Amino acid sequence: MADTVRLDAVSKVYGKGQGAVAALREVSVSIPRGSFTAVMGPSGSGKSTFLQCAAGLDTPTSGTVRLGDTDLTGMNETKLTRLRRQRVGFVFQAFNLMPALTALENITLPLRLAGARPDKAWLGEIVRRVGLEGRTNRRPAQLSGGQQQRVALARALATRPEVIFGDEPTGALDTMTARDVLALLRETVDDMGQTVVMVTHDPVAASYADTVLFLADGRIVDQMGGPTSDKIAERMTRLGAWK
Amino acid sequence: MAVLTLALKTLRHRKAAFAGAFVTLLCAAALITACGMLLETGLRGRVAPERYAGAPVVVAGDQYVHQTVHKSNGKTKHKAKPIAERAWIPSSLTQTLRRSAGVREVVAEVTFPVGTSGGQAQGHGWDSAALTPFTLASGRAPKTAAEVVVDARSGARAGTRLRILTPAGAATYRVSGVTRQALPTQHTLFFAPAEARRLAGRPGQVSAIGVFPKTGERPGLAAALRGTRAREYTGEARGAVEFLDAEQARVKLVSLGGALGGTSLLVAILVVAGTFALSIQQRQREIALLRAVAATPKQLRRLLGGEALVTAVAAGAAGSAAGIALGFWLRSRFVALGAVPEHLRLVVSPFPAFAALLATVLAAWTAARLSARRAARVRPVEALGEAALPTARLPWPRLVAGLLATAAAVVLTLVLSTLSTEAASSPVTMLTALMWTVAVSLLGPLPARAAAALLTLPLRVSRTAGHLAAANLRTGSRRLASVVTPLCLLVAMACTILFVQTTMGHAAQREVAAGSRADYVLGPQVPGSAARSLRGRPGVEAVTEVLHTSVRVGLTKYGAQAVTTEGLMRTTDLGVVAGSLRDLGKDSMAVSENAADRLGVSVGDTVRLTLGDGTPATLKVAALYTRGLGYGDLTLSHALVAPHVDNPMGPLYVAAPGLTRAELSALVAAVPSVTVMDHARAVAASAPDAEVNYVAMGLIIAFSAIAVINTLGMSTADRSRELALLRLVGTTRRQVLRVLRLEALAALAIATVLGTGIALLTLTAFATGMTGSPLPYIPPLTYLGVLAPTAALALTATALPARLALRQRPAEAIGGRQ
């Protein structure tokens, strides 16, 4: 399996001089195509910075980030934006959608801004998959939290991105709704061959992934394949104690 | 196209956020349209002739002084400026014109001011009645010197006796006939031809000659007019020569319209940039999301520009329509104040509305461009819910722009302190105050933060509300700055506009108070004969006849007073510093120090100038004096000026310490409508009339006030979530309102200090240039009259949206969209 996302010795330092804080320290990792990866770690471990650097939302202080064959380091903001809207999808914890647009308009927003014509059949397919049939004309304020996350997921899928990044995508949802959204993410990986990277602090959410990366103090300290929520919780507890 | 669609959708969804910008742009468009109408009337306004309506061609004097300016690049440019009084022409021209080709008949006319019990009227000879034409409805033409014909509106009948005041004195006339007609905007009186020429007091001269051509022929007058100062007027140009006041009002309208329009445009850019910046700050997360998932910085700028354009087009269209109504209202105010004559109609064309629309769109686009810089800096990471704390430091382009604005303001202030004419300093004064405000708005967060730190101490006195308010001020220094800017603008503009007038008025009054030695002032119109008879009366020590006119040196206008020199020291002390007024005669003049500086002359030099009616004169400077503000730039002799003004009747300064007011009044009882003012009242009445400026600039103040309401309203409405949170953690409604009130008061305090500071700087520079003393005159009550409504406005604009926000149940509000 080829790598979709590859980080090589990525460091991120905030601030300068005495007040400088290293959020990431020489992190190297490969995310294989068609995999579901969860990134876990205690608060301040650098998981948000990891996601921002990997997704081209922020530029690392040193090291290289690759998406497929493209080197993200050294790209300017406009190029990064084009790359994000064509090759990367996002699902954030909250405030994912433009309140002024309907669900369907939100889904097609990246396509429209890229000047591309939405593929009707593909749109119908993803709307059906995320279970939003008949609700695409509603505005975000008329949708429940779970439905809003489904719209966000549909938007992420609309451009057929190489990778979808999720930042606590279920963080603001109740357990039942969260389970539905996670199952949906799992489906996109299994049925559509999508690559998903998700930052979370919830062991149950992480248990839906193929691989869990544990971050602490800006470093990847462990990796777990075939995770269960119990194993993850136990590992996290040790991480907290170990720290 | 996708971007524009998105802009439209956002607009429709967030109407409230754009309401502020919409209202501001609407007001700006209305103001600019109204100013444009005044400006266009000034440039293209025509007056239909009334009295000359019956004469196809009118020959009258050239009402302009001309000069050919040689430019440095070798080109020459012809410049003409209007003169203040009517230019008369030789009556001998009548014969020459009569002999010209194609002329059937010529009618010469004299015009002079007449005072009747019914008000001011124009006097003419009955021989020129054909110019209108006037015809008799009853009675007969005046035959003797003691007969007059009155117009249809006067209400008098043949046989009535009228007491009439003319430049030759007051006399009683018998009405011999009444005309069928009356002119729309003037009262007319006809005398017997010889009597009319005697009363006009200009032997050998006429004010105009009407030319009636032979049927179907064009009269050839060019040969007859060559080498004279007379010109041929046809069509609506006859109206311009009939109503000289309309020409002067047009010049005034051009400068007023230009200054007012320019100021409102600058204020609009400043205010709209502020509202846009605030709305971008409030939409930070939305913008971050757009940046994260899809939009490049360029697309974002296009989106914000698109929103601005749509808002501006809608607001501009509505505002332009409202502006036309505003233009008519402004004109009616100016007519009521006497600044614009009633017969000068407003020019109504689509140009001002289109210009206003264009200016509004440009202003909005500029404002959007300026604030989009901030939006493009929003980091996409903020969509991840990172703490969106605004950066504490000012971005360096803004810092540089702020410093540049400060430098520009300093330069303007220095320039202003050297300007000594009202025409030059009025626009620069507004520009200086505005430039300081721009500097404050750019560097705003710096003083806001400093002030917030300072205000923390007094606020802490109140335990809960004060503590919270202090915390909010410290962390929200950017929001504080955006609220302070319009408040500061309001205070600075209001203070500058009001106190420029009081400073000038006070300086002039002070000079009059110091220079006036007269016990009484008689006015407003006293004929020379009355002055002469008063001089011989017991108890009257000195009588000075005074006229006010303006002359031009080259093309530059100077206000001038003309005085009789006999006993002048007893009635007026001009503050002579060099030379002597004893030498003031028909070939000399006295010059104020200020004007002498501008002219570069001193005692003994000669100055070539053009008198009010276009007559050239070369005068020797006999004296320099200090009190130019109170008495005018130039002082000429009455004997020189009286034959060259439209109205040779003016006020009298009388030194009569032994007489009471009643006794003096009795002495002039024979002269109709003369009032006697004592020293103090005369001084009080000498303040220049500032109402026209108040009306025009009052609109700018109102505009700034609307900006305050917008910004405060937007800023408070945006905090509904924060207020809900405060309520949820146990703050009472009353406490929340108290927090907001304290914050508004803090913003008000900062804005008052900054705005007053700006006004003081500007006014000091203005006073230095105009009055020679750096002290502006600021009546405390007027100052309070600025601050109290500003405070009321700020508190109301905060409290109303806050009450609305608090009406929502806190649990719902906090769940709502951010």
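Contact here means heavy atoms within 4.5 Å. The legends below describe a predicted model, in which local features need pLDDT of at least 70, side-chain atom pairs count only at pLDDT 80 or more, and totals for chains, interfaces and linings use all residues. Residues are numbered from 1 along each chain as its sequence is written, chains are lettered from A and ligands numbered from 1 in the order in which they are written, and side-chain values use heavy atoms, with hydrogens and water left out.

**View 1. Chain A meets chain B.** In this view, 29 residues of chain A are in contact with 26 residues of chain B. Together the two chains bury about 2,500 Å², with 68% of that on carbon and sulfur atoms. Buried area is the accessible area (1.4 Å probe) that two parts lose on being put together, summed over both.

View 2. The rule finds 1 salt bridge across the interface of chain A and chain B; the term stands for a side-chain nitrogen of Lys or Arg within 4 Å of a carboxyl oxygen of Asp or Glu. The partners are B:Arg291 and A:Glu77, whose closest N and O atoms are 2.6 Å apart.

**View 3. The side of chain A that touches chain B.** The elements that give two or more residues to this side are α1 (47-54), α2 (77-87) and α3 (103-113) of chain A. Helices are DSSP runs (H or I, at least four residues), numbered from the N terminus. With 6 residues, α2(A) gives the most. By type, the residues of this side divide into 14 nonpolar, 5 polar and 10 charged; Ala, Val, Leu, Ile, Met, Phe, Trp, Tyr, Cys and Pro count as nonpolar, Asp, Glu, Lys and Arg as charged, and the others, Gly among them, as polar.

**View 4. Domains 3 and 4 of chain B.** Domain bounds come from an automatic or database domain assignment, which gives domain 3 (391-510 + 688-818) and domain 4 (520-658) of chain B, among others. Domain 3 and domain 4 of chain B bury about 440 Å² between them, 60% of it on carbon and sulfur atoms. B:Ser420, B:Thr421 and B:Ala508 supply 64% of the area that domain 3 buries against domain 4.
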